[in-house]
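Thanks for asking me to look through this structure with you. Keep the picture open while you read, and find each residue as it comes up.

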Amino acid sequence: MTEKPSVLFVCVHNAGRSQMAAAWLTHLAGDRVEVRSAGSAPADQVNPAAVEAMREAGVDLTAARPKVLTPEAVQASDVVVTMGCGDACPVFPGKRYLDWTLDDPAGQGVEAVRPIRDDIRTRVEGLIAEIAPEGAGTSG
């Protein structure tokens, strides 16, 4: 039996993009993927506009809390998706890194966050198809 793939989403504040990406991956892939998110300089709370935008899409982010990025989280992940954290993201050999260029929702209203949310969903769907396609590695 193969272990399920694990993905770590990283942005600076772990309050918007990485939280939405982690929520989408959990929502769309269920228990087929292990999901983590973290920030190099975590905020005090998740961006309220991101929470609202995800609520509109049927995904609850109200319990999410920004977490600090640790080397252990990176080492425990197969795929590390960075979103604008630049050099603050630790790099370990043997990990797969993706850098998603996304607008930063910080300080923006929900109207500005909706297209970011939808862009993230599309990217997450592509990632799931690649690393945890439906029916792969699961048995009855």
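Predicted model: local features only at pLDDT ≥ 70, side-chain atom pairs only at ≥ 80, totals over all residues.

1. Now look at strand E1 and its two partners. E1 and E2 run parallel and are joined by 6 bridges. You can find valine 7 opposite valine 35 in E2, while leucine 8 has arginine 36 of E2 as its bridge partner. Strand E3 (residues 79-82) also pairs with E1 in the parallel sense, over 4 bridges. There, valine 10 stands opposite threonine 82 of E3.

2. How many residues of strand E1 (residues 6-11) are buried? The count is 6 of the 6 residues, so the strand is largely enclosed by the rest of the structure. In a regular strand, side chains alternate between the two faces of the sheet. In E1, Ser6, Leu8 and Val10 point one way, Val7, Phe9 and Cys11 point the other way, and all are buried.

3. Helix H1 (residues 17-29), together with E1 and E2, makes a right-handed β-α-β unit.

4. Which residues touch the most other members of the largest nonpolar core? That core has 35 residues, and the ones to pick out are Val7, Phe9, Val81, Trp100, Val124 and Leu127. At least two residues of this core come from each of E1, H1, H2, E3 and H4. H4 gives the most, with 8 residues. Apart from this core lies another, of 9 residues, including Val10, Ala38, Val74 and Val80.

5. If you set aside its neighbours within four places in sequence, valine 81 is in contact with Val7, Leu8, Phe9, Val10, Leu98, Trp100 and Leu127.

6. Next, go to asparagine 14, in the loop between E1 and H1. Is asparagine 14 buried or exposed? Asparagine 14 has 0% relative accessibility, so it counts as buried. There is a backbone detail to notice as well. Most residues other than glycine have a negative phi. Asparagine 14 is not a glycine, yet its phi is positive, at about 50°.

7. Finally, find asparagine 47, in the loop between strand E2 (34-39) and helix H2 (48-56). Its relative accessible area is 12%, and because buried means under 20%, asparagine 47 is buried. What does asparagine 47 contact, leaving aside its neighbours within four places in sequence? The residues in contact with asparagine 47 are Ala15, Pro105, Ala106 and Gly107.

How values were computed:
Residues numbered from 1 in each chain as written. Heavy atoms only, no water. Buried < 20%, exposed > 50% of the residue type's maximum accessible area, 1.4 Å probe, protein only. Contact = heavy atoms within 4.5 Å. Pairing = 2+ DSSP bridges. Right-handed = clockwise from strand over helix to strand, strands pointing away. Core = buried A, V, L, I, M, F, W, Y, C linked by side-chain atoms within 4.5 Å.
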